[in-house]
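Let's take a walk through a protein model together. Have the sequence and the 3D view open as you read.

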Number of protein chains: 2
Amino acid sequence: MAQNMTLLWGSGSPPCWRVMIVLEEKNLQGYNQKLLSFEKQEHKSQEVMAMNPRGQLPAFKVGNYTLNESYGACLYLEDQFKCQGTKLIPDCPGEKAKMFQRMFEGFTLADRMANVIYYDYKVPEAERHDSAVKRNREMLSAELKLWEGYLTKGCESSKDCCYLAGKDFSLADAVVFPSIAYVFRFGLCGLKYPKLAAYYECLKERPSIKKTWPPTWKETPGQDLLKTV
Amino acid sequence: MAQNMTLLWGSGSPPCWRVMIVLEEKNLQGYNQKLLSFEKQEHKSQEVMAMNPRGQLPAFKVGNYTLNESYGACLYLEDQFKCQGTKLIPDCPGEKAKMFQRMFEGFTLADRMANVIYYDYKVPEAERHDSAVKRNREMLSAELKLWEGYLTKGCESSKDCCYLAGKDFSLADAVVFPSIAYVFRFGLCGLKYPKLAAYYECLKERPSIKKTWPPTWKETPGQDLLKTV
């Protein structure tokens with residue numbers, strides 16, 4: 001069904017995962033795909049650079065069209081396959097506004113998270129400061145508290161999930177969930193963020209998410225970097 | 001025509017400017033608005049915090065709906081006023097894909113720019129490093145070269161502009177132009193980036209952009225921070 005699409009991806013990468021969730025939700029299985037390793041620097045390989053000169057994953061094509069930017073890819077797929085699979089943009093203007101608002105707040109969440117988890121990767125050793133690490137952790141904590149507040153009611157059961165914008169799963173969930181999964185993978189304490197934890201537990205049972213669960217996460221234990229955030 | 005909308009904004013802020021350009025393009029004049037001063041910390045005032053708990057501008061409402069995220073606001077306005085004013089999302093799938101791709105690459109451009117221009121504002125004095133300043137400038141330069149390459153043909157005249165995605169002005173231009181204007185405001189050399197310079201010169205004559213030109217830019221000279229980038 002999606003033989004004209006090609007996805008180069010890395011395990012656990014929220015931008016890659018977003019696109020994969022949307023492909024599942026839109027019943028776009030059967031696309032060409034290749035799992036690459038960030039550790040082996042395969043995202044800087046010639047194969048990736050030819051599709052994405054930024055040397056980032058995902059590298060994604062629909063026919064001849066380049067859609068490497070994960071948010072752009074998700075919006076494009078929903079637009080082109082409106083009536084196929086899950087409807088990911090609500091009709092109701094209020095829900096739609098909330099969906100766009102939460103979707104783009106997700107950028108800040110992903111950024112705050114990366115500043116903590118990838119600090120050593122992003123900042124050369126001679127430029128690292130404990131004060132920056134502390135500030136980054138505080139900013140992530142403040143950000144997570146905002147999201148905890150957005151989930152006004154907790155998910156009751158895996159059959160009665162709460163979502164980020166309205167009563168149904170939407171693009172906001174597709175793009176933000178990978179970041180939420182990431183913080184729990186890195187040890188976030190569910191007792192401190194009970195609504196986020198319930199949201200996470202609920203959505204991880206969703207078929208599109210189960211099917212695209214990062215393969216490396218199944219084989220290795222998580223970390224506890226965020227235990228005290 | 002847009003009396004149910006309220007915008008709190010700051011002069012020169014690309015996120016604010018994006019929303020204002022789209023409001024003009026969609027013929028949504030007459031909204032309630034208030035210009036606030038970043039210097040006076042008015043973006044942290046109670047008035048802003050009540051609309052945008054992140055203490056950022058824009059703070060934007062359509063009726064009771066909150067759309068503080070500028071990308072979200074632009075997409076929402078285009079969606080709700082599809083047939084009014086300029087059509088900002090092309091129909092042709094190829095142009096649409098390119099529009100989404102460029103639109104979200106614009107996030108990286110804005111980020112690279114802010115890392116250079118706001119370095120001293122963002123990084124406490126004790127954590128500043130010349131090596132980081134140098135790296136940030138190199139990253140901005142590499143980013144600008146990508147965009148220079150995207151503009152395969154230069155704008156010929158103000159009546160024959162080139163755009164970022166296809167033959168017409170689109171959401172990609174509305175969200176990215178403020179960053180391009182910003183780098184020239186901060187002294188980017190047009191001789192080094194001739195296509196970006198032509199794009200800038202061309203689009204600044206566009207009515208929606210002229211009308212929303214940052215008022216503080218009219219009164220004060222630019223800076224030369226980016227002269228050698």
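What follows goes from the pair of chains to the sheet and then to the helices.

## Two copies, one axis

Keep in mind that this is a predicted model. Start with the whole thing: how do two copies of a chain relate to each other? In general, by a rotation about an axis plus a shift along it.

What about the surface where they touch? Of the interface residues of chain A, 100% are interface residues in chain B too, so the copies meet through the same surface.

## The sheet in chain A

Now zoom in on chain A. Four strands make up an open sheet here, in the order E2-E1-E3-E4, and the pairing is mixed. Which strands stand at the edges? They are E2 (32-36) and E4 (65-66) of chain A; each has a single partner strand, so one side of each has no neighbour in the sheet.

Follow E3 (residues 59-62) of chain A to its partner E4(A): the two run antiparallel and are joined by two bridges. Within this pair, Val62(A) sits opposite Tyr65(A) of E4(A). Helix H3 (residues 70-80) of chain A packs on the sheet and touches E1, E3 and E4 of chain A, with its direction at about 20° to that of E3(A). Another helix, H1 (residues 14-25) of chain A, lies across E1 (5-10) and E3 of chain A, and runs at about 140° to E1(A).

An unreviewed UniProt entry annotates residues 3-85 of chain A as "domain: GST N-terminal". That span is 35% helix and 20% strand, and its end C-alpha atoms are 17 Å apart.

## A hairpin in chain B

Strand E1 (residues 5-10) of chain B runs antiparallel to E3 (residues 59-62) of chain B, with four bridges between them. In that pair, Leu7(B) faces Phe60(B) of E3(B) from the opposite position.

E3(B) also pairs antiparallel with E4 (residues 65-66) of chain B, through two bridges, and Lys61(B) stands opposite Thr66(B). E3(B) and E4(B) form a hairpin with two residues between them. In the turn, Gly63(B) has a positive phi of about 60°.

## Helices that cross

Last stop: helix pairs. In chain B, H4 (residues 93-117) packs with H7 (residues 171-185) at an angle of about 20°, and their axes are 9 Å apart. An angle that counts as roughly parallel is one under 35 degrees, so H4(B) is roughly parallel to H7(B). The crossing is left-handed. Among the residues that meet are Met99(B), Leu109(B) and Ile117(B) in H4(B), and Leu171(B), Val175(B) and Tyr182(B) in H7(B).

Compare that with H7 (residues 171-185) and H8 (residues 194-203) of chain A, which pack at about 110° with their axes 10 Å apart. H7(A) and H8(A) are therefore roughly perpendicular to each other. Their crossing is left-handed. The contact involves residues including Phe177(A) and Phe184(A) of H7(A), and Tyr199(A) and Tyr200(A) of H8(A).

Notes
Residues are numbered from 1 along each chain as its sequence is written. Chains are lettered from A and ligands numbered from 1 in the order in which they are written. This is a predicted model: local features need pLDDT of at least 70, side-chain atom pairs count only at pLDDT 80 or more; totals for chains, interfaces and linings use all residues. Side-chain values use heavy atoms; hydrogens and water are left out. Contact means heavy atoms within 4.5 Å. Two strands pair if DSSP finds at least two bridges between them. Axes are lines fitted to C-alpha atoms, for helices over the stretch in contact, and angles run from 0 to 180 degrees between N-to-C directions. UniProt positions are given in the numbering used here, feature names are shortened, and annotations may be inferred rather than shown by experiment. Angles under 35 degrees count as roughly parallel, over 145 as roughly antiparallel, 65 to 115 as roughly perpendicular and the rest as oblique. A crossing is left-handed if the near helix is turned anticlockwise from the far one by less than a right angle, and right-handed if clockwise.
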